[in-house]
Amino acid sequence: MEPEAGRPMDDLHQRIAGSFAAQGLMTTLGARLAFVAEGEVHVALPFSAGLSQQHGYVHAGAVASVVDSACGFAALTLAPPRCEVVAAEFKVNFVRPAVGARFLAVGRVQHAGRKLTVCTGELRAFPAEGPHYKVVALMQSTIVNVEQ
């Protein structure tokens, strides 16, 4: 997506990167910002045994957290300049166990309104080698613009 007039891509990336860096949970999970465009953000997550549940899969809480962040930051790309965003609600469908060497959370804006933004997200699991992935979770999220 092309940046809006008067809103250079560098400024957009800085806005998202600054907000992402302020999130302690993403640091704790080992997540990093991988891609930023208007209406879409990707968050990379390497596998870590510290994120696993009792069967060795990445824990649903970690999955939900990283996809929630991807959706929230996607919403932030379209939020007014003096606004931050918070999740109002989300639903996650876990479609298969989160097994992989690395993961990518993809958040996309489906509708950006004045106060509410609706996003969809997915978590992709990648093997140690190769570009092929399997979707392990799907999210529908409603994000609220909050004036600062």
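Visitor: Which residues does Thr142 touch, not counting residues up to four places away in sequence?

Guide: In this predicted model, Thr142 touches Val86, Ala87, Ala88, Glu89, Leu116 and Thr117. Thr142 itself lies in strand β6. With Glu89, the link is a polar contact of 2.7 Å between the two side chains.

Visitor: Is Thr142 buried or exposed?

Guide: The cut-off for buried is under 20% relative accessible area. Thr142 has 15% relative accessibility, so Thr142 counts as buried.

Visitor: How should I read a strand such as β6, and which strands pair with it?

Guide: The general idea first: in a regular strand the side chains alternate between the two faces of the sheet. In this case, β6 covers residues 134–147 and pairs with β3, residues 83–94, in the antiparallel sense over eleven bridges. Strand β5, residues 116–126, is also antiparallel to β6, and ten bridges join them.

Visitor: How do β4 and β5 pair, and how many residues lie between them?

Guide: β4 and β5 are antiparallel, with ten bridges. They form a hairpin, and three residues lie between the strands. Strand β4 spans 102–112, and Gly113 is located in the loop that leads from β4 to β5.

Visitor: Which other strand joins β4?

Guide: Strand β2, residues 40–46, runs antiparallel to β4, with seven bridges between them. One of the facing pairs is Ala44 and Leu104, the latter in β4.

Visitor: What should I look for in a nonpolar core, and which residues have the most contacts inside the largest one?

Guide: In soluble globular proteins, nonpolar side chains tend to be buried together. Here the largest nonpolar core has 39 residues, and Ile16, Val43, Val66, Val67 and Leu123 have the most contacts inside it. Helix α3, residues 60–76, gives the largest share of this core, eleven residues.

Visitor: What is Val67 in contact with, leaving aside neighbours within four places in sequence?

Guide: The contacts of Val67 are Ala105, Gly121, Glu122, Leu123 and Met139.

Visitor: How do the elements run along the whole chain?

Guide: The protein chain has three helices and six strands, in the order α-α-β-β-α-β-β-β-β from the N terminus on. The radius of gyration is 15 Å, close to the 15 Å from the globule rule for 148 residues, so the chain is as compact as a globular protein of that length. Along the principal axes, the C-alpha atoms fill a box of roughly 45 × 30 × 25 Å.

Visitor: What share of the residues is buried, and what share of the contacts joins residues 24 or more positions apart?

Guide: Of the 148 residues, 42% are buried. Among contacts with a separation of 6 or more, 64% are between residues 24 or more positions apart. The accessible surface is about 7700 Å², and carbon and sulfur atoms account for 55% of that surface.

Methods
Residues are numbered from 1 along each chain as its sequence is written. This is a predicted model: local features need pLDDT of at least 70, side-chain atom pairs count only at pLDDT 80 or more; totals for chains, interfaces and linings use all residues. Side-chain values use heavy atoms; hydrogens and water are left out. Two strands pair if DSSP finds at least two bridges between them. Helices (H or I, at least four residues) and strands (E, at least two) are DSSP runs, numbered from the N terminus. A nonpolar core is a set of buried Ala, Val, Leu, Ile, Met, Phe, Trp, Tyr and Cys residues joined through side-chain atoms within 4.5 Å. Buried means under 20% relative accessible area, exposed over 50%, partly exposed in between (1.4 Å probe, protein chains only). Contact means heavy atoms within 4.5 Å. The radius of gyration is taken over C-alpha atoms; the globule rule is 2.2 Å times the number of residues to the power 0.38. Accessible areas come from the Shrake-Rupley method with a 1.4 Å probe; for residues, only the protein chains shown count as cover. A polar contact is a pair of N or O atoms within 3.5 Å; within protein, one must be able to donate a hydrogen and the other to accept it, and residues adjacent in sequence count only if both atoms are side-chain atoms.
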